[in-house]
Amino acid sequence: MRVGGTAPRAGFTERVGKLLGADPAVFGPFVRAYGLIVRRQSRMKLLRGVSQKAMGRLTPFHMACVMAAFLGVIVVVALGTIQPPLLGAIAAMTLGLLIVVFAVLFDYLEVLANPDEYRVIAAHPHDAWSVVSAKIFVVGRAIATLSLCYFTPSIVAIGFFRHSALAAVGFALGAALGTFSATLGAMLLGVGILARWGRVALLRVLPAIQAIFLISYFSISMGRRWLVAGGHSLGAELPSWITFLPSTWFLAPLEWATGTTTPATWLRATLAFGTVLGLMRVGARWQRSGFGETLLAVGEGAIPAARRRKSAATGVGEGGRAAARKNAKPGVSWIRDPATRSFLSMARIHARADLAFRSQMIVSLLMPAMIFLSPSISLGSRRQAFPELAFIFAAGAVGFAIMSLTTASAASTRPEAFWPVLISPISRERYSLALCGVLRWWVVLPVAVGAGAWYLATAAAVPWHERIARAAGVAVYLELLVTLMRGIAPDPPFTVRPSRDRKLQWGQVAAMLIGFAICGGGGFSLFLVWLIRGWGAWLALAVLGALRVPLEFWTRWRVRRAWESLEAA
Amino acid sequence: MNPSIQIQDLVRRYGDVEAVRGLSLEIRGGEIFGLLGPNGAGKSTTLRVMATLIRPTSGSVRVAGFDVVTSADEVRRRIGYVPEEAELYDALTGSEFLELLADLHRLDRAAAAAKSGPLLDTFSLTRDIDRPVGDYSKGMKQKLLITAALQHDPEVLLLDEPLDGLDVAAQETLKGVLHAHAAAGHVVVYSSHILEVVERLCDRVGIIDRGRLVALGAPAELLAAHPGRTLSALFLQLTSAGAGA
């Protein structure tokens with residue numbers, strides 16, 4: 001053990017602590033501890049499931065820096081190609097500030113405000129401000145590092161290739177101010193919600209922020225194309241509404257440095273400095289009003305621990321039980337099945353209380369929309385075979401949703417709370433297959449009916465019977481995909497911790513190969529349905545439907561195997 | 001000898017709920033004091049006030065001669081606290097967690113290691129001390145918390161249901177550690193609802209029911225005052241836990 005190891009290095013950290021008015025004897029140890037926590041934890045999506053062994057000596061924080069730098073390099077392409085040049089800089093700044101907000105709220109908020117922390121340290125000598133200062137210092141340092149990784153490629157590109165060294169300094173200054181504001185703003189927002197309304201409120205807000213992040217990300221990547229498709233003419237001038245985008249406020253130094261100022265530049269600069277000063281004022285006022293104590297004791301509200309404790313370790317209290325009772329009302333026979341009801345209850349509980357699950361849901365629903373929207377708008381603007389291709393894109397988008405919803409449904413941040421289902425007498429196979437029912441009735445059916453009806457009405461050039469065969473072909477294909485994905489990812493719903501280090505096993509590889517073969521067969525049949533003219537399309541559709549039978553057997557076998565593995569583990 | 005813990009008319013409310021109602025108690029140095037009571041009686045709340053986690057609504061509590069409200073930091077230097085639920089920083093290893101708390105107590109690293117090392121050995125935790133705490137079982141977390149609470153040799157040791165999650169061997173080890181700690185002149189306050197353990201371990205017990213102290217004394221004295229009764233029967237007679245029995 002290292003208990004008797006060397007004491008933490010003083011020096012710089014101690015000086016920062018004194019500067020912040022903290023007690024070095026408290027500030028130092030917490031900077032060290034929080035530094036370790038920040039290095040080791042990262043919720044950044046792409047890092048989930050990457051094993052420590054695979055990462056070697058790289059910590060999750062190092063990986064986050066690499067990712068930030070990678071995104072920074074990608075953004076350089078936008079800087080070099082998007083016209084007018086300021087629009088490229090806006091894209092770079094917007095994405096950078098979104099990354100900062102995202103990192104503060106998703107990766108570091110548990111360092112800033114951990115509701116369980118007070119019970120760990122309250123009985124030990126400390127003063128609240130020193131602990132909070134250590135949090136702010138460590139998180140600020142991590143964000144500054146991430147920001148540097150992301151913005152450096154843009155600064156270099158602006159300085160050496162796009163504009164001048166002065167312009168690079170202007171952009172760097174704006175990026176620094178923007179990072180500071182975004183960090184402080186996100187800290188105050190997250191901590192404010194947590195302190196005022198509690199953890200549950202925060203967990204409800206975070207997925208919405210994630211949705212905004214995703215929408216913004218796609219808007220940035222597709223923005224120019226959408227603007228053009230919408231009939232906007234992009235000359236040297238930017239549309240006036242762009243001033244409402246906060247990231248543009250911090251580009252005023254770049255505008256000055258490149259000599260492209262307009263009257264709006266002054267307004268944006270004023271807004272930037274106003275934001276910085278306003279946030280600093282709020283922060284200072286919070287600090288003077290005993291904010292440190294509030295932040296540390298954020299989980300110690302007026303409610304006794306016994307009442308705050310949540311039921312069945314799922315994070316849901318009375319509301320969840322009430323919802324479960326409500327769910328017990330009889331409905332259509334499929335929903336009346338106890339296994340389906342258990343699945344729906346678990347889904348509802350996780351949708352209310354499990355941040356990881358909610359995040360996955362947001363991604364699963366937003367990504368297909370983006371997949372569908374981007375090329376459709378683009379094609380729509382050019383009037384190129386729109387009904388045909390939009391219908392295919394819709395099918396692709398729903399297929400993506402089916403795949404990602406199936407994978408997401410296995411995840412739970414607290415799989416240990418699954419035991420009530422394990423000891424209940426419900427059919428385990430039906431519990432797992434309940435997901436297929438949900439996807440069939442609530443995803444495939446509405447899309448197949450809606451998109452199919454639209455296709456039938458608009459694809460006037462295609463004979464009626466072929467139109468029907470194609471619409472039916474897509475519906476059958478999506479239904480096959482539902483069954484197939486359940487077989488490929490057969491883990492019982494809500495039993496897998498997202499970050500768990502899982503090794504790929506030969507069985508999984510074989511399952512994926514079989515899955516791809518069946519998927520390929522289905523896709524080929526769909527292709528035939530689409531291409532074969534005349535009544536042959538119906539024959540291809542029949543082949544597609546026939547695949548359903550072996551697929552169902554295979555999926556059920558996979559589900560049973562998954563349960564056996566879970567019980568043997 | 002001055003009492004190490006003095007509680008005078010302690011009241012603690014959570015909103016409309018009055019968890020502790022006018023509790024008064026004195027605990028002397030060198031004794032192991034058992035705080036008994038049914039679920040929701042106010043044991044944990046009383047311990048949390050003593051540990052400076054929460055402030056009293058009214059009344060006063062002095063621990064090791066210092067007021068828990070006006071001299072909270074002085075109290076914190078002199079106590080060790082094991083909470084009912086094992087809350088730890090999951091991303092830190094066991095040794096890093098111990099180091100953090102040792103630093104907060106301004107302990108010399110070598111002195112901290114000299115104290116915690118044997119405890120870790122006793123609890124068979126030495127081998128796992130460099131693993132992240134998030135990978136620990138409930139029992140291992142509890143052992144780490146007990147070690148952390150003892151490594152600065154506190155004058156007052158506050159334990160809230162400390163046997164939860166511990167195996168039999170660790171339970172026996174802990175009892176020995178607590179006896180040794182009290183024998184050194186320190187105070188051990190032990191909250192539990194396991195009567196047999198309290199009866200065998202504690203010098204005196206206080207039975208709390210609905211936030212009030214309903215009995216106080218050595219287990220033998222309490223039993224002598226109610227002849228023919230076991231501690232369990234006495235507990236049920238005195239508390240609301242026996243109302244439905």
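In chain A, α22(A) passes α26(A) in a right-handed crossing; a crossing is right-handed if the near helix is turned clockwise from the far one by less than a right angle, and left-handed if anticlockwise. The model is predicted: local features need pLDDT of at least 70, side-chain atom pairs count only at pLDDT 80 or more, and totals for chains, interfaces and linings use all residues. Residues are numbered from 1 along each chain as its sequence is written, while chains are lettered from A and ligands numbered from 1 in the order in which they are written.

**Helix pair α22(A) and α26(A)**

- The axes of helix α22 (residues 428-458) and helix α26 (residues 548-568) of chain A come within 10 Å and cross at roughly 120 degrees. Axes here are lines fitted to C-alpha atoms, for helices over the stretch in contact, and angles run from 0 to 180 degrees between N-to-C directions.
- α22(A) is therefore oblique to α26(A). Angles under 35 degrees count as roughly parallel, over 145 as roughly antiparallel, 65 to 115 as roughly perpendicular and the rest as oblique.
- On α22(A) the contact is made by A:Arg428, A:Glu429, A:Ser432 and A:Leu433, and on α26(A) by A:Arg556, A:Val559, A:Arg560 and A:Trp563. Two residues are in contact if their C-beta atoms, placed from the backbone, lie within 7 Å.
- This contact has 3 nonpolar, 1 polar and 4 charged residues. Ala, Val, Leu, Ile, Met, Phe, Trp, Tyr, Cys and Pro count as nonpolar, Asp, Glu, Lys and Arg as charged, and the others, Gly among them, as polar.

**Helix pair α9(A) and α13(A)**

- Helix α9 (residues 165-197) and helix α13 (residues 263-288) of chain A have axes that come within 10 Å and cross at roughly 40 degrees.
- α9(A) and α13(A) are therefore oblique to each other, and their crossing is left-handed.
- From α9(A), A:Leu177, A:Phe180, A:Ser181, A:Leu184, A:Gly185 and A:Leu188 meet A:Ala272, A:Thr275, A:Val276, A:Leu279, A:Val282 and A:Gly283 of α13(A).
- The contact of α9(A) with α13(A) has 8 nonpolar, 4 polar and no charged residues.

**The two chains**

- Chain A has 26 helices and 0 strands; helices (H or I, at least four residues) and strands (E, at least two) are DSSP runs, numbered from the N terminus.
- Of the 569 residues of chain A, 39% count as buried. A residue is buried if 20 or more other C-beta atoms lie within 10 Å of its own, exposed if 12 or fewer, and partly exposed in between, with C-beta atoms placed from the backbone.
- Chain B has 9 helices and 10 strands, and 50% of its 245 residues count as buried.
- Among contacts between residues at least 6 apart in sequence, 79% in chain A join residues at least 24 apart, and in chain B 70% do.

**Where the chains meet**

- In chain B, 39 residues are in contact with 28 residues of chain A.
- On the side of chain B that touches chain A, β2 (17-28), α2 (72-78), β6 (79-82), α3 (94-104) and α4 (109-122) of chain B each supply at least two residues. α3(B) gives the most, with 8 residues.
- By class, this side of chain B has 21 nonpolar, 8 polar and 10 charged residues.

**Nonpolar cores**

- A:Val104 and B:Val189 touch the most other members of the largest nonpolar core, which has 156 residues. Such a core is a set of buried Ala, Val, Leu, Ile, Met, Phe, Trp, Tyr and Cys residues joined through C-beta atoms within 7 Å.
- Helix α5 (residues 85-107) of chain A gives the most to this core, with 17 residues.
- Neighbours within four places in sequence aside, A:Val104 is in contact with A:Leu109, A:Val139, A:Ile143, A:Thr183, A:Ala186, A:Met187 and A:Gly190.
- A second, separate core of 54 residues includes A:Val398, A:Ile488, A:Ala489 and A:Ala562.

**Single residues**

- B:Asp9 is found in strand β1 (residues 3-14) of chain B. Its phi is near 45 degrees, a positive value in a residue other than glycine.
- B:Asp153, in the loop between α5 (138-150) and β7 (156-160) of chain B, has a positive phi of about 50 degrees although it is not a glycine.
- A:Gly28 lies in helix α2 (residues 24-40) of chain A and is buried, with 23 other C-beta atoms within 10 Å.
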